[in-house]
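Dear colleague,

Please find below the structure that I am handing over to you. My notes on what was found in it follow directly after.

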Amino acid sequence: MSGVRTPVEAPVEVDGLLEVAGLVVDLPGARGPVRVVDRVTFDIPPATTVGLIGESGSGKTMTANAVIGLLPEGAATGGELRWRGEDLLRASPARRRRLRGHEIAMIFQDPLAALNPTQTIARQVGEILRRAGRPRDEVRRRVLELLERAGIPEPAGRMRSYPHEFSGGMRQRAMIALALAGSPALLLADEPTTALDVTVQARILRLLRSIQQDEGLAMLLVSHDLRVVAHVAHQVVVMYAGRVAERGPTAAVLARPAHPYTRALVDSVPAVRTRTALAHPLPGTPATPANRPPGCAFHPRCPLARERCRTEEPEPRTVAPGRWAACHFAEELLQR
Ligand code: SF4
């Protein structure tokens with residue numbers, strides 16, 4: 001993918017379809033539980049794409065896994081995950097299974113691992129429809145429509161193909177068709193283009209963006225790549241060491257970050273902000289939830305760190321209309 005498109009305009013904000021409120025995820029560790037997601041709060045309004053961005057270990061994938069209900073065994077959760085007002089963290093496993101694939105569907109990074117190698121693409125895409133008792137003709141018609149919608153050329157001739165007969169990009173399109181089969185209201189996409197080459201990445205992102213707009217879906221896009229988020233997301237949530245560093249409308253956040261970590265991310269990708277001519281690699285190594293420095297977790301890497309940052313953890317707060325940041329000096333940064 002070359003450069004970055006202008007971030008899309010956010011639609012008029014309405015009540016959240018999904019509200020993540022103070023979400024906590026603890027995983028078992030050798031020396032006791034490790035908090036990998038720490039009081040994460042954001043919401044996803046209908047027909048809106050939210051980008052969840054951060055380096056490895058930031059907690060973004062674990063947050064998405066909590067939403068879809070696929071956390072590792074032994075994980076303990078806290079806070080709330082409200083889906084149309086229903087708290088998913090207190091829902092039964094049967095209720096979570098019913099929601100998965102129907103109301104909330106997931107596109108994985110590696111479709112080869114997610115697709116069944118022993119079944120044809122059509123069989124897998126049609127599975128959810130067959131289980132719903134749809135007649136055979138209707139299933140076939142709908143599978144064809146879905147493959148076509150996902151941009152698979154000559155879908156009728158491809159229905160009997162197996163995943164290994166598809167290229168990486170085609171498999172990701174098949175995965176998208178499968179995710180759409182249950183007519184979900186929310187699509188979770190975890191690094192959906194990371195395994196693809198640059199040209200195919202751009203095509204898949206255009207496809208996701210057009211599906212989101214045409215079908216009026218909400219989407220949670222997890223990515224380590226700021227260019228991907230800038231291309232597709234209306235809102236962005238920046239995570240660092242398991243916590244939210246900053247969130248707000250994508251265009252505003254990327255044009256004028258309120259958190260030094262967001263600014264470092266933006267400056268590491270020259271095409272994201274036109275005034276940045278050169279890429280400045282992110283300094284230092286990311287803090288991990290198991291190895292969180294005291295005070296602000298970003299302070300060992302932060303060029304603006306002061307004494308207070310080493311001892312006092314900043315709480316997320318409103319720093320401008322529609323903008324939140326967890327930095328003691330966010331207002332100063334916004335005025336630069
Ligand atoms: Fe940097 Fe201090 Fe803000 Fe943390 S609180 S991001 S160390 S300025």
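Which residue in β8 is the bridge partner of Thr49? In this model, which is predicted, the partner is Met219. The two strands concerned are β3 (residues 49-53) and β8 (residues 218-223), which pair in the parallel sense over 5 bridges.

Both strands belong to an open sheet of 8 strands, in which the pairing is mixed and the order is β6-β7-β8-β3-β9-β10-β12-β11. At its edges stand β6 (104-107) and β11 (317-320), each of which pairs on one side only. Leaving direction aside, neighbouring strands of this sheet are turned against each other by 20° on average.

There is also an open sheet of 4 strands, with antiparallel pairing and the order β2-β1-β4-β5. Its edge strands are β2 (34-44) and β5 (86-87); each has a single partner strand, so one side of each has no neighbour in the sheet. Between β1 (residues 18-27) and β2 the pairing is antiparallel and runs over 7 bridges. Within that pairing, Val25 has Val37 in β2 as its bridge partner. Helix α1 (residues 60-68) packs on this sheet and touches β1, β2 and β4 (76-83). The direction of α1 makes about 110° with that of β1.

I turn next to the helix packing. Helix α7 (residues 168-180) and helix α8 (residues 198-215) have axes that come within 10 Å and cross at roughly 15°. Because of that angle, α7 counts as roughly parallel to α8. Their crossing is right-handed. On the α7 side the contact is made by Gly169, Gln172, Arg173, Ile176 and Leu180. On the α8 side it is made by Val200, Arg203, Ile204, Leu207, Leu208 and Ile211. Sorted by class, this contact has 7 nonpolar, 2 polar and 2 charged residues.

Helix α7 also packs with helix α4 (residues 121-131), at an angle of about 20° and with the axes 8 Å apart. That angle is under 35 degrees, and α4 is therefore roughly parallel to α7. The crossing of α4 and α7 is right-handed. Here Ile121, Gln124 and Val125 of α4 meet Ala174, Ala177 and Leu178 of α7. The contact of α4 with α7 comprises 5 nonpolar residues, 1 polar residue and no charged residue.

With regard to aromatic residues, a search of the whole structure finds 3 aromatic pairs. One of them is formed by Tyr240 and Tyr261, and this pair is tilted, with 4.6 Å from centre to centre and 55° between the planes. It links distant parts of the chain, since Tyr240 lies in strand β9 (residues 235-240) and Tyr261 in helix α11 (residues 260-267), 21 residues apart.

Finally, two backbone details may be of interest when you view the loops. Arg84, in the loop between β4 and β5, has a phi near 45°, which is a positive value in a residue other than glycine. Glu191 is likewise not a glycine, and its phi is positive at about 45°. Glu191 is placed in the loop between β7 (186-190) and α8.

With kind regards

Terms used:
Residues numbered from 1 in each chain as written. Predicted model: local features only at pLDDT ≥ 70, side-chain atom pairs only at ≥ 80, totals over all residues. Heavy atoms only, no water. Axes fitted to C-alpha atoms, helices over the stretch in contact; angles between N-to-C directions. Parallel < 35°, antiparallel > 145°, perpendicular 65-115°, else oblique. Left-handed = near helix turned anticlockwise from the far one by under 90°. Contact = heavy atoms within 4.5 Å. Nonpolar A, V, L, I, M, F, W, Y, C, P; charged D, E, K, R; others polar. Pairing = 2+ DSSP bridges. Phe/Tyr/Trp six-rings, centres within 6.5 Å; stacked < 30°, edge-to-face > 60°.
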